[in-house]
Amino acid sequence: MMNRRRFIRNATVGAATLAAAPVAFGSNSRLPVASFNDAALEILPRIRAWQHESPEVAASDEDFWAEIRRAFTIDTNQINLNSGSVSPAPRIVQEAERNALTIQNMSPSLWVDEFLIPQREVLRTRLAALFGCDREEMAITRNTTESLEIAQFGLPLKAGDEVLTTTQDYPSMLTAYGQRARRDGITLKMVPFPSPASSPDEIFDAMSNAIGPRTKVLHFSHVTYTAGQIFPVQRLCQLARAKGLYSIVDGAHAFAQFPFNGTEFDCDVYGASLHKWLTAPFGTGLLYVRKGLIPSIWPLTAAPESLNDDIRKFEQIGTAPVANRNAIGEAITFHEAIGADRKAARLRFLRERWMHQMADVPGVELLTPNDSIQACALGTMRINGIGANELTERLQREDQIHVRPRFVPNEWEGIRVTPNVFSTLWEVDTFAAAVIRIARSLP
Ligand SMILES: Cc1ncc(COP(=O)(O)O)c(C=O)c1O
């Protein structure tokens, strides 16, 4: 049983923890639970002790990042350089999820409906603030796939309408358009662009020049899953607006990797996964829809007509796990405690560090621009004479380094390297040394 002093101490840690304090609901009943996120109590004050440090100084302050690493439960006997697929969640998020699971199982229909589900509104407000939009434009989903497919299938498109995207957009999204093409007769045009691009203009021009009389949608990634190329989102969305096209932005890799103001982009739709850069639990995502566009998009799972103008119409998925979603709040708290600018500076620093070490090694080719405007955490490279699958397998077998092979059909293949806030300089340097050793060993 938690004593009063402990409860008060706990209740002052972060908005999401506060949300788990005893709350009156219904008539006069009170929840018999209190905030009990010990991991939050342990780590947050330690991280916040660094709040005075600028992003530039913090980026290479190993003492700070050692604290961050301690916040996770990662396997130190392998080097995880693939946070691009999914990030581990820190302890405070794991604990928040377990706590919500306990509450859920006390009496699901009561605690879930009366307590856990209404908490979604707190999360909506906090996610909207982080994204930079009105809370009435923010839906909570299960992942980017769900968020984007709501728009991909829900926008009013007819036979002959063209969607313009790139050859480096995410395969599931291309599959979704392929299905809509078979069902409704829309067409899909995929534009290639160089990796690395010489400048954001090169990307902008590639898309802009490909717009034709039948184009109705511009769909592109804020950060590509292939080489981590950052797109000029604002310019492309403004172009779409000027030409009367819908803009759909795939933000799976951008949200919470580096700070931005989503409203300034002026996009129509933005989807992201929170289990990547926000380090929220698996199966959490967000969907931004510009307010004026909400009535025009059909939800994937049906909603009553009364919700037609309401962003919540995109959340009508029936009974589904709530514990993962309710832990999003602690992920936001953790992210904010690190500081979005400090995090982005660190991620750039780590990528630049390994890229710099191999830039001049014969046979090594960097596919990501070594430029802070065009890249942040993700970097992709290849070694001439060895395929991406084989290089991935050798790094795993010989050095216990986990990376992802990436393939752009008919264009290139390489390995994508994604350090995270828990990555150490030793890990990044060990990766660089392994690549150089393998490159030099080839005939
Ligand atoms: C650019 C991009 N879009 C969409 C997705 C799909 O994300 P999820 O599987 O979380 O829906 C990914 C996953 O890696 C991605 O990299």
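A polar contact here is a pair of N or O atoms within 3.5 Å; within protein, one must be able to donate a hydrogen and the other to accept it, and residues adjacent in sequence count only if both atoms are side-chain atoms. This is a predicted model, in which local features need pLDDT of at least 70 and side-chain atom pairs count only at pLDDT 80 or more, while totals for chains, interfaces and linings use all residues. Residues are numbered from 1 along each chain as its sequence is written, and side-chain values use heavy atoms, with hydrogens and water left out.

I'll start with the ligand. Which polar side-chain atoms lie by an oxygen atom of the ligand? Thr145 has one at 2.5 Å, and Lys276 has one at 2.6 Å. From Thr144, a polar backbone atom is 3.3 Å from a ligand oxygen. On its own the ligand has 400 Å² of accessible area (Shrake-Rupley method, 1.4 Å probe), and the protein covers 89% of that.

The residues around the ligand, meaning those with a heavy atom within 4 Å of it, include Asn143, Tyr170, Met173, Tyr225, Asp250 and His253. By class, that shell has 4 nonpolar, 6 polar and 2 charged residues. Nonpolar means Ala, Val, Leu, Ile, Met, Phe, Trp, Tyr, Cys and Pro; charged means Asp, Glu, Lys and Arg; the others, Gly among them, are polar.

Now the pockets. A pocket is an open set of points on a 1 Å grid over the protein atoms alone, where a 1.4 Å probe fits, with protein on both sides within 12 Å along at least five of seven lines; lining residues have an atom within 4 Å of a point. The ligand takes the space of the second largest pocket; sitting in one requires more than half of a molecule's atoms within 2 Å of its grid points. That pocket has a volume of about 230 Å³, volume being the space filled by probe spheres set on the points. Of its 18 lining residues, Thr144, Tyr170, Ala252, Ser273 and Lys276 lie nearest the centre.

The largest pocket has a volume of about 280 Å³. Its lining holds 16 residues, with His222, Ile230, Phe231, Phe258 and Ile373 nearest the centre. Helix H12 (233-242) and helix H13 (262-265) each give two or more residues to that lining, which divides into 10 nonpolar, 4 polar and 2 charged.

Last, some backbone. The peptide bond from Ser195 to Pro196 is cis, with omega near 0°. Pro196 is in the loop between strand E4 (187-191) and helix H11 (200-210); helices (H or I, at least four residues) and strands (E, at least two) are DSSP runs, numbered from the N terminus.
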